Amino acid sequence: MSGRSTGEVYRVDWLPGTDLLHGTCHCGREHTAQDPVEMWEWMLAHPWGHEPRGAGA
């Protein structure tokens with residue numbers, strides 16, 4: 001892999017026995033989707049796709 005590391009970690013797990021993917025963004029927010037494209041679009045839409053935990057609290 002080339003390029004500079006951002007230090008951001010994204011995690012996507014398949015939920016066994018289902019067609020669902022469970023994603024965890026580097027900010028700690030979680031999302032579940034069937035479509036892998038939808039999952040990655042949600043994760044990479046930061047900050048427009050979701051807000052970090054505690055934002056606006």
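H31 sits in strand β3, with strands (E, at least two residues) and helices (H or I, at least four) taken as DSSP runs numbered from the N terminus. This is a predicted model, where local features need pLDDT of at least 70, side-chain atom pairs count only at pLDDT 80 or more, and totals for chains, interfaces and linings use all residues. Residues are numbered from 1 along each chain as its sequence is written, and side-chain values use heavy atoms, leaving out hydrogens and water.

**Around H31**
- Leaving aside residues up to four places away in sequence, H31 touches L21, H22, G23, E38, M39 and W42 (contact: heavy atoms within 4.5 Å).

- Three strands form an open antiparallel sheet in the order β1-β2-β3 (pairing takes at least two DSSP bridges).
- β1 (11-14) and β3 (30-33) are the edge strands, each pairing on one side only.
- β1 and β2 (residues 21-24) pair over 4 bridges, and D13 has H22 as its bridge partner in β2.

**Helix and core**
- Helix α1 (residues 36-44) lies across β1, β2 and β3, at about 160 degrees to β3 (axes are fitted to C-alpha atoms, for helices over the stretch in contact, with angles from 0 to 180 degrees between N-to-C directions).
- L21, C25, C27, A33, M39, W42 and M43 make up the largest nonpolar core, to which α1 gives the most, 3 residues.
- Such a core is a set of buried Ala, Val, Leu, Ile, Met, Phe, Trp, Tyr and Cys residues joined through side-chain atoms within 4.5 Å, buried being under 20% relative accessible area (1.4 Å probe, protein chains only).

Technical notes: Buried < 20%, exposed > 50% of the residue type's maximum accessible area, 1.4 Å probe, protein only.
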